[in-house]
Amino acid sequence: MDSSAADSKPLIDVKNISFNYGPVEVLKDVTFTISSGDFLAIIGPNGSGKTTLIKIILGLMKPSHGEARILGKPVEEFEDWSKVGYVPQKATHIDPLFPASIKEVVAMELLASRRFLRMKKREEEVSIEKALKQVNMERFKNWRIGSLSGGQQQRVFIARAIVNQPHILFLDEPTTGVDTETQEHFYDMLDSLNKEEGITIVMITHDIGIVNKHVNQVACLNQKLVYHGSHEEFCQSQAFKDMLAGGHHLVSHRH
Amino acid sequence: MDAFFVYGFLQRALFAGIFVAVSCALLGVFLILRRDSMIGHGLAHITFAGVALGLFLKIVPLGVALVIAVAAALGIMKLKEKAGLYGDTAIAIFSSMGLAVGIVLATLAQSFNVDLFGYLFGDILAIETSEVWLSIALAAVVVFIVILHYHRFMYMTFDREAAKVSGIKVGRLDVLITVLTAVTVVLGMKVVGILLVSALVVIPAAAGLQLASNFKQAIILSSLIAVISVLFGLFLAYYFDFPASGTIVILSFLIFSFFFILKRFRRIH
Ligand SMILES: Nc1ncnc2c1ncn2[C@@H]1O[C@H](COP(=O)(O)OP(=O)(O)OP(=O)(O)O)[C@@H](O)[C@H]1O
Ligand SMILES: [Mg+2]
C-alpha cells in the first residue's frame, strides 16, 4: 500500500479509526500512515469525513473506535505540539470584533508554549515578520484581524501555522477564498517547506490541479478510505477514474 | 487634598482599590470576549451566601465567601460542560440559589445589620489593615497569573481549537480563569459591594474594548480606566461625602459612555 514510505518510520499512524455522530457513521475503519517528508493530499466529497479525520488525528475529537498516533505516541499523550502546525477549515468561527492585531494572532502560536514571559523580543519579531512575509501579509501586521477580508485572514492563519517551523503541517482547505496569485505563491512555499526543509504536509483539498502538481501521496476518503498511496499510482487507480467520471461533486478542476 | 494622602484609612482604601480594580479589569476583558460577562453578576450573588454563612458561623466572612465563590464558579463551569446547560442558565440557577440561601442564613444569624449592608453596598473606606493586605496579595497573584498566561489566555479566547493544537491545556486554563474570577469577585466585593461588583468587572473592560485596536491596548486601557474610576471615585466620595461604591461605578460608566460615543462619532467621520 505505502510503497514509497516502507523504510521510513511513520510520523502519523492512523489505526482502525471509526467515528459516529449518534447513528450517523462518518468514518469507517480508516487505517493508514504518514511518513516523514510526505506531501499528502486528502480528497473526497463534502461530508466525507476529511475534517473529522484530521481533528481526530490532532486530538480535537475522540474516535468511537481505533487510535491515532503522532511520532509514535497516542495523541492524548503527545506533548510536543510546537512541532505541529494547523490551519483549520475556513475560520468562520472567528469573532470579527476580537481586538487582536495580525502580529498578535501570529504571536499567540509562537508564544503558546513559552514557560515564562517571552523569549528575546527581537527574535520574536523576526519570526513573526518571516512568517507574515511568506504569506505576503507583512504590510498588514498592525491591522485588526477582523478588518481583513476572508482570504487575507486565511493567509494570516497560514502564517500562524508555520511560525514555529513545525515538522508537520495540517491544512484544512487552506486556500479557500485565497486569490490565484497568492495560491501559486502559497503552493510554491509549501513545496519548498516540503522539499528543502523536509516538513511533512497533510492537506485537505478539493483542487485536483494542486494534487497533480505538488503532492506525492493521495488519500481518497468517503467514509471509508477509498484509496491511499502514491500520486502516480493514484492517477492509474479506479478511484481516480471514478472521481473523474463522477465529475464535480467529488473534486473540482482548476483551470 | 492633603487629607487624602495623610489619613491612613484613605491610603489603605486607595491601595487595595487600585489593585483590585486592575485584576477586575484584566479578567473582565477575557470574560467579555469569552461571552461570559454575566459570571461576575452570578458569582456576586453566591458570594452573598458566603458572607451570610460567615456571619452565621461567626467565621471570617471574607474567607467563607472565597471558598463558596470558588466552589460555585467551578460548579457552574462543570454544569455548562457536562449537563449541556446554556451558560447563562447555569448562572441564573446558581445565583438565585446563592441569594436565597444568603437571605435565609442572614435572617437566622439576625445579621441584617450594618455589617451585612457593608458587604452589600461596599464599604472600602472602612476596610481593615488585614483585609487590605489580603486584597493586595490576592489581587497581585491574579495579575501575575494573567500576565504569565497572557498569550495562552488570548489564544484560547480567540480560537479554541487552534489553541488546543498548539499544546495549550485549555481545560486546565478554563479552571484557572474560573478560580481567578471567583477570587476577583470576592475582592471586588470589599471595594464596591456585592451589588456592584459585576460592574467593576465588566464596565472598565467594556470601555477599554471600545477603542482598542489590539489586545495589548485593550488590556492596558481597561486597567487604566479601572484605576482612574477608583482613584477619582474615592476622591469624590471623600470630599463630597458620596458613597464610594456608587461613585466609582458611575464614573466608570461615564468613561464607558464617552468612549462609546467617541467610537460611533469616529466611524461616521
Ligand atoms: N456537529 C455535528 N453533529 C452531527 N453531525 C456532524 C457534525 N459535524 C459534522 N457532522 C457530520 O459529519 C460528516 C463529516 O463531516 P466533515 O466535516 O468531516 O466532512 P468534510 O469531509 O470535511 O466535508 P467538507 O468537504 O464539506 O469540509 C458530515 O456528513 C456531517 O453531516
Ligand atoms: Mg471539512
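Biologist: Quick one to start: is B:S222 buried or exposed?

Modeller: Buried, with a relative accessible area of 0%. Buried means under 20% relative accessible area, exposed over 50%, and partly exposed in between, with a 1.4 Å probe and protein chains only. One caveat: this is a predicted model, where local features need pLDDT of at least 70 and side-chain atom pairs count only at pLDDT 80 or more, while totals for chains, interfaces and linings use all residues. Residues are numbered from 1 along each chain as its sequence is written, chains are lettered from A and ligands numbered from 1 in the order in which they are written, and side-chain values use heavy atoms, with hydrogens and water left out.

Biologist: Where is B:S222, and which backbone oxygen does the side chain reach?

Modeller: B:S222 sits in helix α12 (residues 215-240) of chain B. Helices (H or I, at least four residues) and strands (E, at least two) are DSSP runs, numbered from the N terminus. The side chain of B:S222 reaches the backbone oxygen of B:A218 at 2.6 Å. A polar contact is a pair of N or O atoms within 3.5 Å; within protein, one must be able to donate a hydrogen and the other to accept it, and residues adjacent in sequence count only if both atoms are side-chain atoms.

Biologist: Switching to the metal. What coordinates the magnesium ion?

Modeller: A:T51 through OG1 and A:Q89 through OE1, at 1.9 to 2.3 Å. A:T51 is in helix α1 (residues 50-57) of chain A and A:Q89 is in the loop between β6 (84-87) and α2 (102-111) of chain A, so the pair ties together parts that are 38 residues apart in sequence. Donors are N, O and S atoms within 2.8 Å of the metal (3.2 Å for Na, K and Ca); water is not among the atoms, so sites may look incomplete.

Biologist: How does A:Q89 count for accessibility?

Modeller: Partly exposed, at 35% relative accessibility.

Biologist: And ligand 1? Which residues come nearest?

Modeller: A:G47, A:K50, A:T51, A:T52 and A:Q89, out of 13 residues around ligand 1. A residue is near if one of its heavy atoms lies within 4 Å of the molecule or strand. The element that gives the most to this shell is α1(A), with 3 residues.

Biologist: What polar atoms does ligand 1 approach on A:Y21, A:G47 and A:S48?

Modeller: A nitrogen atom of ligand 1 is 3.1 Å from an N or O atom in the side chain of A:Y21. An oxygen atom of ligand 1 is 2.9 Å from a polar backbone atom of A:G47. For A:S48, an oxygen atom of ligand 1 is 3.2 Å from a polar backbone atom. Taken alone, ligand 1 exposes 640 Å², and the protein buries 60% of that. Accessible areas come from the Shrake-Rupley method with a 1.4 Å probe; for residues, only the protein chains shown count as cover.

Biologist: Salt bridges next. How many over all chains?

Modeller: The search finds 17. A salt bridge is a side-chain nitrogen of Lys or Arg within 4 Å of a carboxyl oxygen of Asp or Glu.

Biologist: Which side chain meets B:R35?

Modeller: That of A:D95, at 3.4 Å, N to O. This pair crosses between chains, from the loop between α2 (8-33) and α3 of chain B to the loop between β6 and α2 of chain A. B:R35 is exposed at 62%, while A:D95 is buried at 15%.

Biologist: What does B:D36 pair with?

Modeller: B:K80, at 3.6 Å, N to O. The pair links distant parts of the chain, 44 residues apart: B:D36 is in the loop between α2 and α3, B:K80 in helix α4. B:D36 is buried at 12%, and B:K80 is partly exposed at 28%.

Biologist: How far apart in helix α4 are B:K78 and B:E81?

Modeller: They are 3 residues apart, about one helical turn. Their side chains meet in a salt bridge at 3.3 Å, N to O.

Biologist: Last topic: which residues make the nonpolar surface patch?

Modeller: B:F56, B:L57, B:I59, B:V60, B:V104 and B:L108, about 560 Å². Helices α3 (39-57) and α5 (87-108) of chain B each give two or more residues. Patches are made of residues with over 30% relative accessible area and no salt bridge: like charges are joined within 9 Å, nonpolar side chains (Val, Leu, Ile, Met, Phe, Trp, Tyr) within 5 Å. B:I59 is in the loop between α3 and α4 (61-83), and counts as partly exposed at 43%.
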